[in-house]
Amino acid sequence: MHKYVKAAAGAMLLLSSFMVTDKVNAAGDGDVLIAQAHSVNTFAANAYESPEHFARFTYDSGYDFEYPEAVRGLYATGNSAGGSRFDSLLDLIDNTDLNSMVIDIKEDGGHITVDPEQELPYEDAIQEVIKDPEAMMERLEEEGVYPIARIVVFKDTQLAEARPDLSFTENGEVWKNGKKEAFVSPFQKEVWDYNVEIAKMAAEMGFQEIQFDYVRFPEGFENKDEELEYNLGDYQDVDMNNIKKRVEAVTNFVSYAREELSDYDVDVSVDIFGYAATIEETPGIGQNFSRISDNVDVISSMIYPSHWTPYFGIDNPDEEPYRLVDEYAKVENEVLGALDEAPVSRPWIQDFSAPWLYSGPTFEYGVSEVEAQIKALNENGIDEFLLWNSGNSYTEGVDYTPLD
């Protein structure tokens with residue numbers, strides 16, 4: 001049952017009993033999950049002030065998590081969080097200055113890693129690798145680990161194949177990139193609602209932050225735009241070129257999701273390409289760094305040195321992690337500094353090697369390379385970070401507070 005707590009307000013109310021219910025419409029096969037508006041709360045109340053001063057009620061999961069003095073986290077797949085590796089990840093956090101864990105609730109292929117209480121219209125999307133989410137959350141609470149739910153939004157092969165009309169098609173087939181991954185369209189409001197409902201589920205599980213990833217169109221979309229078939233939805237008649245429409249759709253999703261989650265007392269964060277901070281807006285994928293940052297509590301740039309081409313005058317960024325991160329941090333600080341209310345900066349950093357970049361021996365990432373990235377962030381006033389390793393095998397012996 002949902003629990004609600006009363007937020008601070010100036011009005012004094014004498015309240016009798018009330019009831020709140022959530023209704024989710026999961027219609028027949030092929031219908032997308034649509035959240036109906038919450039049922040109207042009914043009160044018998046004597047108010048000493050006018051109705052506009054009624055206190056606001058927000059969802060309370062019942063867990064007691066505190067935001068760390070600075071989030072220093074690692075990524076965990078659903079398999080890791082729901083399996084034996086969970087203990088080793090908790091041990092790593094317990095024995096270091098790490099304090100947070102980002103856990104897949106909806107992962108890269110569109111699979112949902114827990115079995116939701118409500119019926120979903122895409123049952124094939126459920127891949128229940130976290131069998132006991134309540135026990136997982138209780139363990140995180142017991143260990144004092146700050147929990148963040150990762151939800152992959154527009155890269156979603158499961159939804160694309162179930163609903164090609166929400167995706168991009170080519171010659172009547174769902175289009176997939178070179179890795180055989182399909183995307184759904186940020187222009188489609190049904191897609192927004194589907195992902196927001198999953199985010200609300202994660203908030204009700206007890207996660208303190210919802211982190212949206214792949215909040216974008218496919219890479220290189222500007223080169224496929226004229227070849228693919230897709231529905232522009234509400235953006236069909238908007239007086240903008242296609243680049244601007246993509247930016248508008250992505251930004252509007254972020255704003256919409258944050259508003260929809262406003263009753264859940266969770267922070268909202270977005271993962272974004274690091275290079276997006278260095279240009280006005282990305283022409284293909286629809287990310288505008290400043291506009292997205294204006295609509296989130298936390299912005300997490302993916303600044304893995306291995307993912308940059310020659311940039312900032314650095315020929316081989318993968319081999320110069322300190323210099324790459326230092327140069328990037330200066331740019332990001334300038335961009336965020338121009339905003340009226342900047343979000344917290346919490347970049348993703350690299351804890352993996354990139355053999356695909358080398359024809360000979362691979363430049364290996366270890367203690368020095370991970371610490372170099374953290375040191376560069378800290379020296380630029382960025383105290384928070386997240387470690388990425390897709391296999392969740394993190395370097396041992398790293399000092400995660402190198403300036404202390």
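**Walking through the model**

Biologist: Let's start with S80. Buried or exposed?

Modeller: S80 counts as buried, because its relative accessibility is 6%. The cut-offs are under 20% relative accessible area for buried and over 50% for exposed, with partly exposed in between (1.4 Å probe, protein chains only).

Biologist: Where does S80 sit, and what is it in contact with?

Modeller: S80 belongs to helix α1, residues 78–81. Apart from neighbours within four places in sequence, S80 is in contact with R85, F86, L89 and N392. Contact here means heavy atoms within 4.5 Å.

Biologist: Before I go on, what should I know about the model and its numbering?

Modeller: This is a predicted model, where local features need pLDDT of at least 70 and side-chain atom pairs count only at pLDDT 80 or more, while totals for chains, interfaces and linings use all residues. Residues are numbered from 1 along each chain as its sequence is written, and side-chain values use heavy atoms, with hydrogens and water left out.

Biologist: OK, the overall picture. How many helices and strands?

Modeller: The protein has 10 helices and 17 strands. Both are DSSP runs numbered from the N terminus: helices are H or I with at least four residues, strands are E with at least two. Of the 404 residues, 52% are buried. Taking contacts between residues at least 6 apart in sequence, 77% join residues at least 24 apart.

Biologist: Now α2 and α3. How do their axes cross?

Modeller: The axes of α2 (residues 85–94) and α3 (residues 133–143) cross at roughly 15° and come within 11 Å. That makes α2 roughly parallel to α3. Angles under 35 degrees count as roughly parallel, over 145 as roughly antiparallel, 65 to 115 as roughly perpendicular and the rest as oblique. Axes are lines fitted to C-alpha atoms, for helices over the stretch in contact, and the angles run from 0 to 180 degrees between N-to-C directions.

Biologist: Which residues meet there?

Modeller: From α2 there are F86, D87 and L90, and from α3 there are M136, R139, L140 and E143. The residues of this contact divide into four nonpolar, no polar and three charged. Ala, Val, Leu, Ile, Met, Phe, Trp, Tyr, Cys and Pro count as nonpolar, Asp, Glu, Lys and Arg as charged, and the others, Gly among them, as polar.

Biologist: Switching to α5 and α7. How do those two lie?

Modeller: The axes of α5 and α7 come within 10 Å and cross at roughly 35°, and the crossing is right-handed. A crossing is right-handed if the near helix is turned clockwise from the far one by less than a right angle, and left-handed if anticlockwise.

Biologist: And what meets what?

Modeller: K189, W192, D193, V196 and K200 in α5 meet A249, N252, F253, Y256, A257 and E260 in α7. By class, the residues of that contact are six nonpolar, one polar and four charged.

Biologist: How enclosed is α5?

Modeller: Of the 17 residues of α5, 14 are buried, so α5 is largely enclosed by the rest of the structure. After α5 comes G206, with a positive phi near 120°.

Biologist: What about α7, which residues are buried and what covers them?

Modeller: The buried ones in α7 are K245, R246, V247, E248, A249, V250, T251, F253, V254, Y256 and A257. The cover includes α5 (189–205), β12 (209–213), α6 (221–224), β13 (267–273) and α8 (289–293).

Biologist: Which non-glycine residues have positive phi?

Modeller: Among them are K180, with phi near 65°, and D265, with phi near 55°. K180 lies in the loop between β11 (173–174) and α5, while D265 is in the loop between α7 and β13. K180 has a relative accessible area of 63%, so it is exposed. D265 is exposed too, at 60%.

Biologist: Last one, α9. What does Y322 touch?

Modeller: Leaving out residues up to four places away in sequence, Y322 touches A372, K375, A376 and E379. Y322 lies in α9 and is partly exposed, with a relative accessible area of 29%.

Biologist: And E334, buried or exposed?

Modeller: E334 is in α9, residues 321–337, and counts as exposed at 65% relative accessibility. Its C-alpha is 9.5 Å from that of A277, which is 57 residues away in sequence.
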